Amino acid sequence: MDSDLLDYLLGVAWDNGIGYKLTPMNDDHWLPVYLPAHNLIIINTNWYISQQIPLQLAHEIGHALNGDSEYEYQACFSASSKVENEATRRGLELIIPHVYESIEPYDANYQRFMDSLAVPSHYAGIVEEIIDDYYAGREE
């Protein structure tokens, strides 16, 4: 687990008034959760794919920053998928500038990034887009 990235993300949560609890659950498949009513994120530090923990934290921060509610999440699968994808995008938008701040564009490798955080492959297009946007923004 990347402790620098985790510290950065905890700082983002803190700066935005989002509570968090990182705790080892007995079940290594216990999913992280954002509880809007308490503005609280709970992360399982015993997750079976430990390199995903920063991505999970960023995703849950994304839910909080997007103002997602429990009603929205439970409304239906398609709404849930949209909410989940938007939270992941928001989380990646938090992570990528931090990870790439000292990496020159010619050294940027989206696959290496995805492998390092075990990002599911169906997010490859989003990761590439955010990295490209990040470097385009640095040129301005």
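Predicted model: local features only at pLDDT ≥ 70, side-chain atom pairs only at ≥ 80, totals over all residues.
Residues are numbered from 1 along each chain as its sequence is written. Local features need pLDDT of at least 70 and side-chain atom pairs pLDDT 80 or more, while totals for chains, interfaces and linings use all residues; side-chain values use heavy atoms, with hydrogens and water left out.

View 1. A pocket is an open set of points on a 1 Å grid over the protein atoms alone, where a 1.4 Å probe fits, with protein on both sides within 12 Å along at least five of seven lines. Lining residues have an atom within 4 Å of a point. Of the 24 lining residues, Pro32, His59, Glu60, His63 and Glu84 sit closest to the centre. Strand E2 (33-35) and helices H2 (53-66), H3 (70-74) and H4 (77-100) each give two or more residues to the lining, and H2 has the largest share with five. Helices (H or I, at least four residues) and strands (E, at least two) are DSSP runs, numbered from the N terminus. By type, the lining splits into 12 nonpolar, eight polar and four charged residues; here Ala, Val, Leu, Ile, Met, Phe, Trp, Tyr, Cys and Pro count as nonpolar, Asp, Glu, Lys and Arg as charged, and the others, Gly among them, as polar.

**View 2. The two faces of helix H5.** In H5 (residues 110-117), Phe113, Met114 and Leu117 are buried, meaning under 20% relative accessible area with a 1.4 Å probe and protein chains only. They end up on the same side of H5 because they cover an arc of only 95 degrees around the axis, taken from the directions from the helix axis to the C-beta atoms. Turned away from that buried side are Arg112 and Asp115, both exposed, that is, over 50%.

**View 3. Either end of H5.** After H5 comes Ala118, with a positive phi near 50 degrees. Ala118 lies in the loop between H5 and helix H6 (124-139), and counts as buried because its relative accessibility is 18%.

**View 4. Asn39, a residue with positive phi.** Most residues other than glycine have a negative phi. Asn39 isn't a glycine, yet its phi is positive, near 50 degrees. Look for Asn39 in the loop between E2 and strand E3 (40-44). At 27% relative accessibility, Asn39 is partly exposed, the class between the buried and exposed cut-offs.
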